[in-house]
Amino acid sequence: MTTYTTPANSQAASFKALVNGLREAIREPEQFTLSYAAESSAFVRFNHAKVRQAGQVQQASVGLKLINDGRHADLDITLSGAAEVDARRLADGLQQLRETLPLLPPDPYLLLNHNGWQSNNVQAHPLPDTEQVVGEITRAAEGLDLVGFYAAGPISRGFASSAGAFGWHQANSFNFDFSLFHANGQAVKASYAGHQWDSEGFARRFAQAREQLAFLGRPLRTLAPGQYRAYLAPAALEEIMSLLSWGGFSAQSIASKSSPLQKLYSGDHSFSPLVSLDEHVSGSLSPAFSGEGYPRSDLKLIVEGQAEAQLVSSRSAAEYGLTANGAGGGEAPSALNMAAGALPEADVLRQLGTGLYISNLWYLNYSDLPGARMTGMTRFATFWVENGQIQAPVSTMRFDDSAFSLLGSQLEALTQERELLLSASTYSQRATASALLPGAVVSRLTLTL
Amino acid sequence: MFDFHPQLKQRFAALRTGAEFFSLRYVRESGQYLSVRKNVAEPPSLRRDEGAMLTVRVNGVEAYAATNDLSPAGLQAALDKAEQQARQLKPHALLDLRDQRVSSDRADYFSPNLDQPFPSLSECYELLGAESAAVPRDERLVNWQVSIGMTHVEQIYLSSAGAELRQAQRFVYPGLDVTAYDGNDSQTRSLGRENFGQQGGADVISRCGLIGAGPHIADQALQLLLAPNTPPGARDLLLMPDQMMLQIHESIGHPLELDRILGDERNYAGTSFVKAQDFGQLQYGSKWLNVTFDPDIPEQLASYGHDDDGSAASKQFLIREGLLLRPLGGALSQFRAGMDGVANSRACSWNRPPIDRMANLNIEPGDQSLAQLIGNIEHGILMSTNRSWSIDDARNKFQFGCEWGQLIENGELKGVVKNPNYRGVSAQFWKSLSAVGDTSTFQVLGTPNCGKGEPNQVIRVGHASPACVFSQVDVFGGDA
């Protein structure tokens with residue numbers, strides 16, 4: 001059913017043609033960078049195990065930066081896919097930026113990468129036919145209340161500069177993110193994502209979710225606010241990491257005192273020695289280069305509870321005298337990798353003893369940002385455990401606690417096994433971010449509401 | 001304006017399909033984001049975007065295809081893909097839309113002052129530079145940024161039923177924030193940014209109060225740095241409009257979205273504590289609570305003539321004197337639920353399909369001045385400007401935080417407190433609404449950042465509100 005238009009090699013050729021045209025159009029001493037993003041996506045929403053809404057989206061855009069005389073400006077342009085139209089749009093864009101630059105003061109924080117680096121990564125696993133996938137999903141979900149979202153297709157990213165740099169990244173991927181609802185309103189969340197759809201693999205993943213659903217039928221336990229032991233499954237820990245990633249490791253946020261980890265980077269606080277975090281770009285789904293033209297390498301952000309590297313964009317490098325390390329403008333990690341612990345996953349319930357087994361958290365935000373104190377909700381499959389045995393699902397509860405407690409003084413153990421969590425985010429475009437995380441047993445989690 | 005309209009009409013007329021209904025929604029967007037941070041102009045970020053979404057209905061099944069290729073062949077290819085998908089999904093489709101009515105309206109809609117040119121890039125940078133320079137020198141002020149965002153959108157909707165709807169709108173987002181740091185704690189005070197977006201031109205910048213705001217905002221950041229933490233306990237809570245907008249958004253807007261109630265969002269944005277049978281029955285809030293879907297305030301961020309499915313928009317009471325009356329559901333959700341709704345089927349751009357969204361969701365003014373609201377509070381707190389928001393997936397248990405707090409004792413405003421947070425439960429919170437400010441306290445605000453949907457969409461929504469008082473709310477501060 002799905003035909004993913006514009007093959008990747010044709011997109012790479014189109015991008016090269018735009019780059020070549022731009023190189024010819026540039027007048028010394030002008031310089032440019034040109035980033036590229038395209039995708040062809042199949043999107044299918046499910047509700048009540050049926051297709052609620054389905055469609056396809058084909059989009060492509062470039063980000064052109066023109067630099068001259070210490071001044072620079074950026075323009076994002078949507079491409080049409082037709083060579084002649086796109087060459088004209090780029091020429092118009094170049095002209096707009098040429099007219100803009102004289103209106104600007106020189107930028108003291110402009111830092112260009114003059115290396116002519118080259119990078120090429122193409123992964124072209126064949127994607128499944130959407131009709132076949134929809135058939136497998138609806139068959140598996142027969143008699144169940146499934147709600148979810150399937151997104152699939154090729155994603156391309158490119159970069160080129162007048163200094164001769166050229167990067168190309170293309171990957172086919174799919175992500176089926178779904179929930180199974182019990183009649184009582186409780187639900188299990190799961191996903192099946194990757195490069196190659198395997199019907200047996202999907203069936204196994206679906207069966208696991210279905211097994212958990214059985215526990216949700218037990219009578220709900222309502223907890224009083226207070227302090228509880230808790231196990232945070234990798235997906236729950238990911239929510240905490242996502243919030244901390246929102247400025248946490250950013251050089252600009254740390255310098256401007258808006259990072260939740262400013263007290264970690266100042267050395268005033270630390271995490272547990274069990275906590276080591278890397279930005280592990282190599283082998284991840286993310287491109288090996290940033291949108292502003294720096295190759296990205298792996299970085300140790302936290303080592304045994306102590307702050308190490310920050311994420312440094314070129315602008316922060318110039319402003320704060322740091323070395324740019326391939327972070328994008330937002331200086332957020334996109335391939336976070338947390339070191340595994342020693343607790344076998346099979347022993348999690350025994351280690352927890354009595355407390356909360358939390359599969360997912362939801363809608364986290366700060367109660368007090370400088371103290372990394374955060375609040376959020378339990379969501380999907382949260383269970384009350386007594387003496388290592390699951391007793392009952394727990395009604396939705398709010399927690400309010402500091403990351404320096406949850407990942408510091410109260411962190412008891414991390415699991416040996418880690419889960420690779422691929423982002424299902426599709427704001428503007430399909431995300432390439434991922435996280436490899438263990439589960440965490442904490443001896444105290446504060447519930448407030 | 002609409003210079004692509006004649007060509008687009010021609011291309012639409014030439015499209016061929018076996019579908020019983022099809023439509024085309026074309027969106028062209030251009031924008032700029034300009035900022036000056038600590039007296040250094042940051043490079044301008046400009047954008048140009050255009051594309052179209054083709055939607056078909058075949059045997060009652062709808063499917064869409066969005067394309068950046070606006071050539072006749074590109075549009076036809078997208079239409080063919082959508083039609084093929086609709087046919088193939090028939091056995092798996094949740095909905096049969098054969099009996100759903102479609103719009104054949106023809107109309108134009110324009111933002112106010114659209115004919116007035118927006119200040120030039122140089123003029124904007126001059127203004128931003130002046131405001132940045134007006135932030136006083138104080139070593140505790142470690143960061144400040146002044147910005148203006150502007151987006152111009154033209155949309156053309158054409159359908160096989162004869163609909164022809166054109167909208168041209170300009171959205172403006174002025175902003176300023178200042179961060180103060182004392183070696184341990186940091187506090188940020190802001191104006192505008194995600195709280196103040198409106199339609200219009202230079203008039204929006206003036207209305208926001210950006211001009212001349214630098215010293216005042218910086219002073220408030222320093223006051224917060226010196227202030228004690230918000231004391232914990234139950235107090236009467238006076239929320240100013242720039243926090244009311246968040247309170248309305250999260251605990252009235254999202255729970256009343258009909259697609260959530262119908263279960264579409266259960267895998268992502270969540271569900272709702274409100275059930276379909278609650279409309280006309282549920283006392284949502286106190287008798288002082290009057291909530292409207294209002295597309296008629298010209299400068300408000302989500303005012304429009306028709307939504308993205310072609311339904312005509314008009315003002316409707318969703319809650320009157322506390323009684324829940326009507327959901328936020330567009331034509332499709334209304335058809336599915338058999339209920340009346342509003343024209344709120346909206347898409348964030350050409351590459352995302354319309355779904356139920358908030359648009360302008362407002363609280364109608366009451367009859368008390370700010371002085372009266374404060375004067376009637378014995379033991380309370382004023383909170384202003386949202387900075388933190390968290391609510392459960394049924395939109396019930398919430399915790400929100402503000403930038404600015406001021407205690408109220410015996411009818412008088414007292415000292416400033418920092419880290420003002422409060423928590424509650426939507427289903428009970430609105431029943432504690434005890435007083436509503438008059439038009440002198442009423443502000444038209446809006447945010448560009450409402451996220452929802454699969455695929456994900458972030459969209460602009462407007463919220464206008466007076467200041468409001470809630471009785472005996474659980475408030476608390478931070479740790480630092």
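**Figure 1. Exposure of B:D99 in the predicted model.** B:D99 is exposed, because 7 other C-beta atoms lie within 10 Å. B:D99 is in the loop between α2 (72-89) and β5 (106-110) of chain B. Helices (H or I, at least four residues) and strands (E, at least two) are DSSP runs, numbered from the N terminus. From B:D99 to B:G310 the sequence separation is 211 residues, and the C-alpha to C-alpha distance is 17 Å. This is a predicted model, in which local features need pLDDT of at least 70 and side-chain atom pairs count only at pLDDT 80 or more, while totals for chains, interfaces and linings use all residues. Residues are numbered from 1 along each chain as its sequence is written, and chains are lettered from A and ligands numbered from 1 in the order in which they are written.

**Figure 2. The hairpin of β22(B) and β23(B).** Strand β22 (residues 443-452) of chain B is joined to β23(B) by 8 bridges, and the two run antiparallel. Two strands are said to pair if DSSP finds at least two bridges between them. B:C450 has B:I459 of β23(B) opposite. There are 4 residues between the strands of this hairpin, and B:G453 takes a positive phi near 90 degrees. Strand β23 (residues 457-465) of chain B has 8 of its 9 residues buried, so the rest of the structure largely encloses this strand.

**Figure 3. An open sheet of 4 strands in chain B.** The strand order is β13-β12-β11-β16, with antiparallel pairing. β13 (323-324) and β16 (361-363) of chain B are the edge strands, each pairing on one side only. Between strand β11 (residues 291-293) of chain B and β16(B) there are 3 bridges, and these strands run antiparallel. B:F293 has B:L361 in β16(B) as its bridge partner.

**Figure 4. Contacts between chain A and chain B.** In chain B, 65 residues are in contact with 70 residues of chain A; a contact requires C-beta atoms, placed from the backbone, to lie within 7 Å. Strand β3 (residues 45-58) of chain B gives the most to the side of chain B that touches chain A, namely 7 residues. That side of chain B divides into 24 nonpolar, 26 polar and 15 charged residues. Ala, Val, Leu, Ile, Met, Phe, Trp, Tyr, Cys and Pro count as nonpolar, Asp, Glu, Lys and Arg as charged, and the others, Gly among them, as polar. Strand β2 (residues 50-68) of chain A and strand β4 (residues 61-67) of chain B run parallel and are joined by 4 bridges. A:Q56 stands opposite B:A65 in β4(B).

**Figure 5. The largest nonpolar core.** This core has 265 residues, and those with the most contacts inside it are A:L64, B:L54, B:L237 and B:C468. Strand β1 (residues 31-47) of chain A gives the most to the core, with 9 residues. A nonpolar core is a set of buried Ala, Val, Leu, Ile, Met, Phe, Trp, Tyr and Cys residues joined through C-beta atoms within 7 Å. Leaving aside residues up to four places away in sequence, B:L237 touches B:G380, B:I381, B:M383, B:Y422, B:V469, B:F470, B:V473 and B:V475.

**Figure 6. Domain 1 and domain 2 of chain B.** Domain 1 covers 5-226 and domain 2 covers 233-476, with bounds from an automatic or database domain assignment. Their centres, taken over C-alpha atoms, are separated by 21 Å. In domain 1 of chain B, 37 residues are in contact with 35 residues of domain 2 of chain B. The side of domain 1 that touches domain 2 divides into 17 nonpolar, 15 polar and 5 charged residues.

**Figure 7. The fold of chain B.** Chain B has 10 helices and 24 strands. Its radius of gyration is 24 Å, close to the 23 Å that the globule rule gives for 480 residues, so chain B is as compact as a globular protein of that length. The radius of gyration is taken over C-alpha atoms, and the globule rule is 2.2 Å times the number of residues to the power 0.38. Of the 480 residues of chain B, 59% are buried.

Technical notes: A residue is buried if 20 or more other C-beta atoms lie within 10 Å of its own, exposed if 12 or fewer, and partly exposed in between; C-beta atoms are placed from the backbone. Two residues are in contact if their C-beta atoms, placed from the backbone, lie within 7 Å.
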